[in-house]
Amino acid sequence: MTNSGKLLIITAPSGAGKTTIVRHLLETIPELSFSVSATNRPRRPMEINGRDYYFLTTERFREMVEQGAFLEWEEVYTDQYYGTLRSEVSRIRSEGKVVIFDIDVQGALNLKKEYGDQALSIFIQPPSLEALIERLKNRKTEDAKSLQKRIDRATQELTFKDAFDQTIMNDDLNQALSSARKIVREFIGPSDLH
Ligand code: ADP
Ligand code: 5GP
């Protein structure tokens, strides 16, 4: 399997549906491999360390910043850090797979700048800010403070949608999944399996 080092960057405000779409792409497109980010935010009950994130203490996260372990990192919310590990990206690329990132808007802009045409950046758009808030509430993963931080940031992040290569409207989920599959398949080329 050779994919000439292609990378796929999925971005959107929290609650737009990135995780849902990324999981579906990973299940249906075997050439993809997920870049597991590091974060110091608390693990949610359904999350697994090393699969969803590497959950680190704030001290460890800072140490790794000092050591230059991150390709990019952001304080996405006050006191909450997220970063892309150089080791993840090099491991996946050396396996000949296409790296897929689930990353905030600023991180996505940075990675796109770094990789240029090798990377495809996709913005997942919620039907409205109200729908996004509703989804975040229904997901029941955030306390009131964390929910408010996400809503505040979403308002700003939504204004960046034109900065990316493609936009997928995530209103009807099945349509969004199907259009994500199509865009990604076009980007990486026909499957080796057929
Ligand atoms: P993100 O990773 O961008 O924060 P998630 O994938 O966790 O977003 O989605 C946020 C919530 O919205 C989840 O509970 C998910 O099941 C739900 N969701 C995703 N897409 C849709 C959709 N098209 N319609 C309704 N709910 C959705
Ligand atoms: P969550 O806490 O909902 O999992 O993620 C919050 C935000 O951080 C999301 O927008 C998510 O895409 C982003 N994020 C996750 N990993 C990284 C990363 O490695 N770098 C950056 N810049 N953002 C990330």
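**Note on a predicted model with two ligands**

1. Ligand 2 is surrounded by 19 residues, of which Ser37, Arg41, Tyr53, Glu72 and Tyr82 are the closest; a residue is taken to be near a molecule if one of its heavy atoms lies within 4 Å of it. This is a predicted model, in which local features need pLDDT of at least 70 and side-chain atom pairs count only at pLDDT 80 or more, while totals for chains, interfaces and linings use all residues. Residues are numbered from 1 along each chain as its sequence is written, chains are lettered from A and ligands numbered from 1 in the order in which they are written, and side-chain values use heavy atoms, with hydrogens and water left out.

2. A nitrogen atom of ligand 2 has a polar side-chain atom of Glu72 at 2.7 Å, and an oxygen atom of ligand 2 has a polar side-chain atom of Asp102 at 2.7 Å. Taken alone, ligand 2 exposes 510 Å², and the protein buries 96% of that, with accessible areas coming from the Shrake-Rupley method with a 1.4 Å probe and, for residues, only the protein chains shown counting as cover.

3. Which strands each supply at least two residues of the shell around ligand 2? They are strand S5 (70-77), strand S6 (80-85) and strand S7 (98-103), and S5 gives the most, with four residues. Helices (H or I, at least four residues) and strands (E, at least two) are DSSP runs, numbered from the N terminus.

4. Around ligand 1 there are 13 residues, and the closest are Gly15, Thr19, Thr20, Arg139 and Asn170. Helix H1 (18-28) and helix H5 (129-139) each supply at least two residues of this shell, with H1 giving the most, namely three residues.

5. The polar pairings of ligand 1 involve both backbone and side chain: an oxygen atom of the ligand is 3.0 Å from a polar backbone atom of Gly17, and an oxygen atom is 2.5 Å from an N or O atom in the side chain of Thr19. For Arg139, an N or O atom in the side chain is 2.8 Å from an oxygen atom of ligand 1. Taken alone, ligand 1 exposes 570 Å², of which the protein buries 75%.

6. Helix H3 (residues 86-94) has Glu88, Val89 and Ile92 as its buried residues, where buried means under 20% relative accessible area, exposed over 50%, and partly exposed in between (1.4 Å probe, protein chains only). These residues cover an arc of only 95° around the axis, which puts them on the same side of H3; the arc is that of the directions from the helix axis to the C-beta atoms. An α-helix has 3.6 residues a turn, so residues three or four places apart point the same way. H3 is followed by Gly96, whose phi is positive, near 75°.

7. Ser35, in the loop between strand S2 (32-34) and strand S3 (37-39), counts as buried at 2% relative accessibility. Although Ser35 and Glu88 are 53 residues apart in sequence, their C-alpha atoms are 5.7 Å apart in space.

8. The C-alpha atoms of Ser146 and Ile103, which are 43 residues apart along the chain, are separated by 18 Å.

9. Most residues other than glycine have a negative phi. Asp79, in the loop between S5 and S6, has a positive phi of about 65° although it is not a glycine, and at 53% relative accessibility it counts as exposed. Lys140, in the loop between H5 and H6, likewise is not a glycine and has a positive phi, of about 55°; at 71% relative accessibility, Lys140 counts as exposed.

Technical notes. A polar contact is a pair of N or O atoms within 3.5 Å; within protein, one must be able to donate a hydrogen and the other to accept it, and residues adjacent in sequence count only if both atoms are side-chain atoms.
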